[in-house]
Amino acid sequence: MTTGSTYSFLDVSCSLVGPGIATTLGNEAGSAEEGISIELQADKNTMTTGADGGYMHSLHAANAGTVTVRLLKTSPQNQILMAAYNAQRISSSLWGKNVITLIQSNADDAIVCTGCAFVRQPNLEYATDGGTNTWTFHSGKITGLLGAYS
């Protein structure tokens, strides 16, 4: 039974490295309250049941997924990401070569996303409140470990 553990986004570091870019996206990057999400594209298992009640599990090999980074509109990282997006989209030899690494130091979580490509530039809104810019990446392979809070 775990009690007394503390989570904080202050312990999250995240980097994006690829053609024309090496930047941070975690704590102190102007992250929005919603932060960073990492989601696998598909289930790891399919279960098939037979007419007689028997069952079969099928383990899927794919580890592809989506990384979503939400930044405040005023974050300087938006300019860096837009420059990288514009540079990488000019050639297929530059596309899908980014690596995103997320570390949560208090729990020793470590997630590595390779083969990352921008999905699109963020939708831009100009309104009374500044809002956020959401950057989405498709990742060919997401691997990692979740640690334990002390």
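How far is the sulfur of Cys116 from the closest cysteine sulfur? The sulfur of Cys116 lies 5.3 Å from that of Cys113, which is too far for a bond, a disulfide being a pair of cysteine sulfur atoms within 2.5 Å. By this rule, the count comes to 0 disulfides. Cys113 is accordingly in no disulfide, the sulfur of Cys116 being the nearest to its own. Cys113 is buried, with a relative accessible area of 1%, and Cys116 is likewise buried, at 0%. Here buried denotes under 20% relative accessible area, exposed over 50%, and partly exposed the range in between, computed with a 1.4 Å probe on protein chains only.

The structure is a predicted model, in which local features need pLDDT of at least 70 and side-chain atom pairs count only at pLDDT 80 or more, whereas totals for chains, interfaces and linings use all residues. Residues are numbered from 1 along each chain as its sequence is written, and side-chain values use heavy atoms, with hydrogens and water left out.

The largest nonpolar core comprises 21 residues, of which Val69, Leu81, Ile100, Trp135 and Phe137 touch the most other members. Such a core is a set of buried Ala, Val, Leu, Ile, Met, Phe, Trp, Tyr and Cys residues joined through side-chain atoms within 4.5 Å. Two or more residues are given to this core by each of strands S1 (12-18), S6 (65-72), S7 (98-104), S8 (109-120) and S9 (132-145), and by helix H1 (77-88). The largest share, 4 residues, comes from S8. Helices (H or I, at least four residues) and strands (E, at least two) are DSSP runs, numbered from the N terminus. Not counting residues up to four places away in sequence, Leu81 touches Leu16, Ile21, Leu25, Leu71, Phe118, Trp135 and Phe137, contact meaning heavy atoms within 4.5 Å.

Gln88 is placed in helix H1 and counts as buried, at 1% relative accessibility. Beyond residues up to four places away in sequence, Gln88 has contacts with Gly18, Pro19, Ile21, Leu94, Trp95, Asn98 and Phe118.

Ser31 belongs to strand S3 (residues 31-40) and also counts as buried, at 18% relative accessibility. A polar atom of the Ser31 side chain lies 3.2 Å from the backbone oxygen of Leu25, and a polar atom of this side chain lies 3.1 Å from the backbone oxygen of Gly26. With residues up to four places away in sequence not counted, Ser31 touches Phe9, Leu25, Gly26, Arg70, Leu71 and Leu72.

Conventions
A polar contact is a pair of N or O atoms within 3.5 Å; within protein, one must be able to donate a hydrogen and the other to accept it, and residues adjacent in sequence count only if both atoms are side-chain atoms.
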